[in-house]
Amino acid sequence: MDDLPVTKCAVKPSYFHVCGRKDPNYDQCIAENIENVKDKLCTGFSEFNIPPNEPLIFDKIVIFDTNDVKLYVKDLNLYGFCDLVVNSVQTNPERLHFDVDILLPQLYFNATYDFDIRLLTRIANKGSVETVIENVRLKAGMDLKTITKNGKKHIFASKVNNVFEIKSFKYKFLDDSKELAQLHSILNDVIYNNQEEIIYAIKSAMEERTSRITISIFNNIARSNYEQIFPEET
């Protein structure tokens, strides 16, 4: 394993409540901490030099890439994670595993679509689109590990598996001119007939990115603060 990065000092910010591992309400304590720090996803954790993570920016998400139809979403800016609601937390302190169930009431993104389809002739266009996704459920699983280095115990996230449940979405083309009416009609048909594939592509990109960000945030905060954040008792 690579050496852990070293923080400048052990820090316990005022908004973070320490949860004792032997606390009978340990799960609830973790849930309250998540609620307490959710705004920091937007503003950043300045104490740990962690920048804001909203909007989440995706350079390109491939929806379709075949000879007959190509549909990409580019320069996607995703908002709404700071309004998360924690439904439940289940932990196993001995096994160092966390399961968190979260509701995201509304996610919103703006992006550029890049559409190219071959019917009798080739039809292609790039334009702006806004999309709203409501009542998204996120199930997050985190595995932690500890190591002792130079006589000090460190904890880090070794694996995070975020799974989003998206049932539907609403969208609007912002380049709604008469000249594009035919193209938008064709694109609407493609979207309507392939909603599951579109949801899968978007949510897969979200899962990969948010899993990596969760690992990064946790490790930056907790890696050198094991005893401060995970004591047996408070």
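**Entry 1**

I began with Asn135, which I found in strand β5; helices (H or I, at least four residues) and strands (E, at least two) are DSSP runs, numbered from the N terminus. I noted that this is a predicted model, in which local features need pLDDT of at least 70, side-chain atom pairs count only at pLDDT 80 or more, and totals for chains, interfaces and linings use all residues. I also noted that residues are numbered from 1 along each chain as its sequence is written, and that side-chain values use heavy atoms, with hydrogens and water left out.

I looked up phi of Asn135 and found a value near 50 degrees, which is positive in a residue other than glycine. Is Asn135 buried or exposed? Asn135 is exposed, because its relative accessible area is 54%, and the cut-offs are under 20% for buried, over 50% for exposed, and partly exposed in between (1.4 Å probe, protein chains only). I then turned to Asn150, in the loop between β5 and β6, where phi is near 55 degrees and again positive in a residue other than glycine. Asn150 counts as exposed, since its relative accessibility is 78%.

I wrote down for reference that most residues other than glycine have a negative phi, and most peptide bonds are trans. With that in mind I looked at the bond that joins Glu54 and Pro55, which is cis with omega at about 5 degrees; Pro55 lies in the loop between α2 (40-43) and β1 (56-65).

**Entry 1: the chain as a whole**

I stepped back to the chain, whose secondary structure comes to five helices and seven strands, in the order α-α-β-β-β-β-β-β-β-α-α-α from the N terminus on. Its C-alpha atoms fill a box of roughly 70 × 35 × 30 Å along the principal axes, and 47% of the 234 residues count as buried. Taking contact to mean heavy atoms within 4.5 Å, I read that residues 24 or more positions apart account for 67% of the contacts with a separation of 6 or more.

I looked next at Asn77, in strand β2 (residues 69-79), which is buried because its relative accessible area is 18%. Leaving aside neighbours within four places in sequence, Asn77 is in contact with several residues, among them Pro55, the residue at the cis bond. A polar atom of the Asn77 side chain lies 3.2 Å from the backbone oxygen of Asp75.

I went on to Asp114 in strand β4 (residues 97-118), which counts as buried because its relative accessibility is 13%. Which side chain does the side chain of Asp114 meet in a polar contact? The partner is the side chain of Lys74, at 3.0 Å; a polar contact is a pair of N or O atoms within 3.5 Å, and within protein one must be able to donate a hydrogen and the other to accept it, while residues adjacent in sequence count only if both atoms are side-chain atoms.

**Entry 2: the nonpolar core**

I then looked for a nonpolar core (a set of buried Ala, Val, Leu, Ile, Met, Phe, Trp, Tyr and Cys residues joined through side-chain atoms within 4.5 Å). The largest has 70 residues, and Phe115 and Phe230 have the most contacts inside it. Helix α4 (residues 195-222) gives the most to this core, with 11 residues. Not counting residues up to four places away in sequence, Phe115 touches residues including Val69, Ile123, Leu183 and Val190.
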